[in-house]
Amino acid sequence: MPEEMPDRATFDAVYRRSLEDPDAFWAEEARKLDWSRPSDQVLDWSPPFAKWFVGGELNACHLCVDRHLATPRKNKVAIYWEGETGETRVLSYATLHREVSRAASVLLNLGVGKGDVVALYMPMIPELPVLMLACARIGAIHTVVFSAFSASALADRVRETEARVVVTADAGVRRGKQVPLKPKADEAVAHAPSVEHVIVVRRGTADVAMQDGRDAWFADLLESADDSVPAVPVEATHPLFILYTSGTTGKPKGIVHATGGYMVYAHSTFQWAFDLDENSVYWCTADIGWVTGHTALVYGPLSHGATVVMYEGAPDYPDLGRWWEIIEKYGVTAFYTSPTAIRMFMQHGDEWPAKRDLTSLQILGTVGEPINPEAWHWYNRHIGGERCPIVDTWWQTETGSFMISGAPGIAPMPQKPGVAGHPLPGVDAAVVDENGKPVPDGEKGVLVIRKPWPGMLQTIHKDPDRYQMAYWSRFPGLFSADDYAVRDEDGYIRVLGRADEVLKVAGHRIGSLEIENGAVAHEAVAEAAAVGVPDAVKGEAIVVFAVLMDGYEPSDELGEEISGSISLSVGVFARPKSVHLVRALPKTRSGKIMRRVLRAVAGDEPIGDVSTLENEASVEEVKRAYEALKQEF
Ligand code: ATP
Ligand code: MG
């Protein structure tokens with residue numbers, strides 16, 4: 001970086017200090033929260049198990065709610081909730097406090113205590129964050145299960161976590177229809193003997209079967225609830241929640257996060273990446289069923305006393321203007337979404353955002369997958385008005401919050417589209433080879449973290465051996481994120497995708513992302529996924545599946561052109577064996593392309609665990625497209 005960049009120097013000074021004396025650095029960050037008992041020790045590290053802020057006591061609900069009551073934030077908006085059909089609910093910090101206390105009282109009255117697990121299988125309604133905070137208030141552990149999951153996915157998670165209570169709703173609302181939830185909860189609970197009570201929140205209007213003695217309406221239970229339940233301090237190491245990963249690469253893992261480390265990390269990273277404070281109106285479009293929704297809709301922004309926007313519906317319902325209308329309506333200052341969503345909007349043109357005044361926006365963010373430069377530029381121009389920094393936040397369910405990202409809250413730094421950025425303070429990230437040795441800058445390798453950080457997972461629920469195996473065995477002493485990356489001469493890290501998404505073609509190691517970026521560089525392509533299939537000559541041959549922009553028709557010529565675009569941007573050795581034009585790609589419900597499904601289709605292998613698949617039809621679609629072309633080989 002040229003020397004005339006004082007911002008870089010500011011950032012570097014913070015970063016250097018954070019790695020040279022992590023204990024002092026994190027102790028200082030921790031002091032930004034309220035502790036009812038300060039910790040005796042910042043970190044107790046017996047690899048690979050970390051205990052952060054040992055001896056300290058705090059309460060996550062107090063941090064997100066109660067502590068604002070003694071300030072002018074008391075009567076400012078904590079949550080703007082917008083229903084799909086335009087209903088709204090507004091909770092100030094004072095009313096949030098009342099609702100959370102009453103919900104905590106409901107749980108206590110059902111016998112829920114510290115350490116008990118409560119499963120929340122709920123649509124995107126305010127009761128969901130209210131119940132998460134209510135659990136935290138009494139030291140119960142929440143496990144949120146995305147409401148579009150099947151009964152069996154819910155049953156697995158409830159059984160594994162031995163939840164005593166399941167909270168659900170009669171129904172959710174999606175694309176103008178009520179989607180029943182309670183029947184799925186019933187089916188799951190029938191296979192989960194740990195469950196003693198089912199609480200049902202009324203969201204829809206349909207009749208619901210209630211089982212005597214087990215089920216109760218939330219509204220009825222609230223009648224005898226008390227609104228002065230105190231937030232009980234818990235040990236910093238007490239689990240705050242268990243959350244399952246997206247299942248992009250295999251069976252989802254039950255990630256356990258501890259209260260102290262997670263809260264310190266969520267709080268600090270939200271200030272660094274989003275420059276968040278009490279004046280921010282923050283909108284994260286993720287469902288709370290994912291870690292993004294936990295940290296970016298609840299614990300991060302509320303711990304800062306920011307205003308959070310929460311939206312229930314689909315992005316394109318009733319039309320593609322819905323999100324931009326919400327930004328205008330609430331004067332959103334920071335907006336956080338996924339590359340998948342951006343590509344979807346890009347596919348349908350820029351007239352929708354153009355209809356709205358988006359000038360309240362100050363910072364944009366993306367998460368979930370690498371963002372291709374085309375989508376980055378579209379986001380920058382059509383949403384950010386070329387005025388807003390874009391933070392491309394790389395993190396995982398396991399990491400609690402952002403690890404690699406821009407940090408406008410520390411110092412504005414040059415942005416590189418498609419490159420996540422520099423590791424954040426305290427994050428000792430490196431890119432290593434198969435032996436765990438750092439590779440030279442500019443070379444690809446596996447992304448690892450060399451030092452513990454407060455937001456790190458505590459373990460995999462009830463399976464410390466799997467925790468050790470999954471994250472710490474590939475490179476002893478290093479946390480392996482299993483993503484593939486390259487670091488540049490400025491110390492910025494470009495994430496290339498999962499480590500298992502590397503193709504080895506004629507002696508070259510290519511990330512699927514590089515090939516996909518080559519495909520998306522063609523004006524007709526909205527989205528693409530590349531996978532390798534065994535090939536006698538090349539080792540692996542490349543097969544590409546592509547979704548077209550509106551207004552383009554599939555044709556052999558177009559397939560050829562897309563191949564050409566890949567050769568041009570990656571190299572002729574990366575010319576695909578075949579390009580399949582499809583209407584949809586198989587994605588997880590969190591919006592990530594499931595390349596392993598494509599690989600299985602293309603390699604004629606079993607498809608494996610697809611419990612988190614978004615769209616069943618997409619699998620048939622890619623099978624058909626593949627079969628059709630296979631005839632021609
Ligand atoms: P599973 O671990 O069960 O396979 P998953 O990894 O998709 O599922 P998450 O924890 O939700 O579950 O996702 C984390 C992953 O998402 C990261 O490891 C990375 O591959 C990808 N990711 C997240 N943010 C970014 C980003 N900004 N750039 C590139 N990749 C990202
Ligand atoms: Mg993962």
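A polar contact is a pair of N or O atoms within 3.5 Å. The model shown is predicted.

**View 1. The shell around ligand 1.** Ligand 1 has 21 residues around it. The closest are Thr245, Thr248, Thr249, Thr397 and Lys592. Sorted by class, the shell holds nine polar residues, seven charged ones and five nonpolar ones.

View 2. On its own, ligand 1 would expose 640 Å². The protein buries 95% of that area.

View 3. Domain 1 is made of two segments, 6-314 and 393-486. Domain 2 covers 501-632. Their C-alpha centres are 33 Å apart. Where they touch, domain 1 supplies 15 residues and domain 2 supplies 15 residues.

**View 4. The area buried between the domains.** The size of an interface is often given as the accessible area lost when the parts come together. Between domain 1 and domain 2, about 1,200 Å² is buried. Carbon and sulfur atoms give 53% of this area.

**View 5. The salt bridge between domain 1 and domain 2.** How many salt bridges link domain 1 and domain 2? The count is one. In a close-up of Lys444 and Glu514, these two residues form a salt bridge. Their closest N and O atoms are 3.5 Å apart.

**View 6. Polar pairs and residue classes at the interface.** Two residue pairs are in polar contact across the interface of domain 1 and domain 2. Both are at pLDDT 80 or more. The side of domain 1 that touches domain 2 has six nonpolar residues, five polar residues and four charged residues.

Note on methods:
Residues numbered from 1 in each chain as written. Chains lettered and ligands numbered in written order. Predicted model: local features only at pLDDT ≥ 70, side-chain atom pairs only at ≥ 80, totals over all residues. Heavy atoms only, no water. Near = heavy atom within 4 Å. Areas by Shrake-Rupley, 256 points an atom, 1.4 Å probe, with all protein chains shown as cover. Nonpolar A, V, L, I, M, F, W, Y, C, P; charged D, E, K, R; others polar. Domains from an automatic or database assignment. Contact = heavy atoms within 4.5 Å. Buried area = accessible area lost by both parts, 1.4 Å probe. Salt bridge = Lys/Arg side-chain N within 4 Å of Asp/Glu carboxyl O. Polar contact = N/O pair within 3.5 Å; in protein donor to acceptor, adjacent residues only side chain to side chain.
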